[in-house]
Amino acid sequence: MRRRPRVTRLSAGVSMACGVAAILTVRTPLCAQNTQPVRPGVPPQMEEIYIGRSVRESRIAPTEYCSQARTGFDSAIFEDRYSFRSTATRAADGRVVDANVQTIGSLHACFGPTANPANSSFYAEGALGGVSFTGNGECHMVRADFPERGLYPFRCFLDLTGLPADYAGGELTTNSIVSRNTLGPETDPPGYSQSSIATIRLWRKQPER
């Protein structure tokens, strides 16, 4: 039987020792040498991207929360609360294999009518990944009773403000579907993921130079 080279065992021992040192917040010269340096010329990461699934948890008649002073539009028709759930995708092609992993955020929303019956005004306050935000935008109903009767696909967006001070802004967009089952993750007819698959992009402020 061939013995492994000592350097392999040494590397494993260094990795374990550095792991313990990291837990104890102890910095050693050996671990410092083993740390990957920051590559020169690599630009800083200026945006954060989240993919989440929203689930409508409640729908009530509008309260003072949906006032024109807050939302920017008059005569709100719905006040909703949503939870955000994380998703899991297949690495080979990006297909979503689990759209209900765990709760990662929340959204408190108001909807109002517009001159176009297919569109509605959209206002929301929420939090995702520990980042709070405010959003104003619109939802558009693409078709009724599609891809089968009782289903209604929408696309929505929110321009995000009210972010922590180190963010310049952000955008939330959704590919949404609602059904005869108003609340919860299960659709009627069954087999679809309501309410929305959302993409959230947050942009950080440029560093001072």
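1. The torsion about the S-S bond of C139 and C156 is about 115 degrees, so this disulfide is right-handed. A disulfide here is a pair of cysteine sulfur atoms within 2.5 Å, and the sulfur atoms of C139 and C156 are 2.1 Å apart. The pair links distant parts of the chain, since C139 belongs to strand β7 and C156 to strand β8, 17 residues apart. C139 counts as buried because its relative accessibility is 5%; C156, with a relative accessible area of 10%, is buried as well. Buried means under 20% relative accessible area, exposed over 50%, and partly exposed in between, with a 1.4 Å probe and protein chains only.

2. The model is predicted: local features need pLDDT of at least 70, side-chain atom pairs count only at pLDDT 80 or more, and totals for chains, interfaces and linings use all residues. Residues are numbered from 1 along each chain as its sequence is written, and side-chain values use heavy atoms, with hydrogens and water left out.

3. The protein chain contains three helices and 10 strands. These elements are DSSP runs numbered from the N terminus, where helices are H or I of at least four residues and strands are E of at least two. In order from the N terminus, the chain runs α-α-β-α-β-β-β-β-β-β-β-β-β. Of its 209 residues, 33% are buried.

4. How many disulfides does a search of the whole structure find? The search finds two. Besides the pair already described, C66 and C110 are joined, with their sulfur atoms 2.0 Å apart. The torsion about the S-S bond of C66 and C110 is about -85 degrees, so that disulfide is left-handed. C66 lies in the loop between β1 (47-60) and α3 (68-71), while C110 lies in strand β5, so the pair ties together parts that are 44 residues apart in sequence. Both C66 and C110 are buried.

5. The largest nonpolar core has 20 residues, and F122 and L160 are those with the most contacts inside it. At least two residues of this core come from each of the strands β2 (78-86), β5 (103-113), β6 (119-128), β7 (131-141), β8 (151-161), β9 (167-179) and β10 (196-204). Another core, of six residues, lies apart from the largest one and includes Y65, C66, F73 and A76. A nonpolar core is a set of buried Ala, Val, Leu, Ile, Met, Phe, Trp, Tyr and Cys residues joined through side-chain atoms within 4.5 Å. In soluble globular proteins, nonpolar side chains tend to be buried together.

6. A search of the whole structure also finds two aromatic pairs. In one of them, F111 and F122 are stacked, with 4.8 Å from centre to centre and 5 degrees between the planes. This pair links distant parts of the chain: F111 is in strand β5 and F122 in strand β6, 11 residues apart. F111 counts as buried because its relative accessibility is 9%, and F122 is buried with a relative accessible area of 5%. Rings of Phe, Tyr and Trp (its six-membered ring) pair if their centres lie within 6.5 Å; planes under 30 degrees apart count as stacked, over 60 as edge-to-face and the rest as tilted.

7. Which ring does the charged end of R59 sit over? The ring is that of F78, whose centre is 3.7 Å from the charged end of R59. The charged end of R143 sits over the ring of F146, 3.9 Å from the ring centre. A charge sits over a ring if NZ of Lys or CZ of Arg is within 6 Å of the ring centre and within 35 degrees of the ring normal.

8. Two serines may be considered together with residues named above. S120 is found in strand β6 and counts as buried because its relative accessibility is 15%. The C-alpha atoms of S120 and C110 are separated by 9.8 Å, and these residues are 10 residues apart along the chain. S75 has its place in the loop between α3 and β2. Is S75 buried or partly exposed? At 47% relative accessibility, S75 counts as partly exposed. Between the C-alpha atoms of S75 and F111 there is a separation of 8.9 Å, although these residues are 36 residues apart along the chain.
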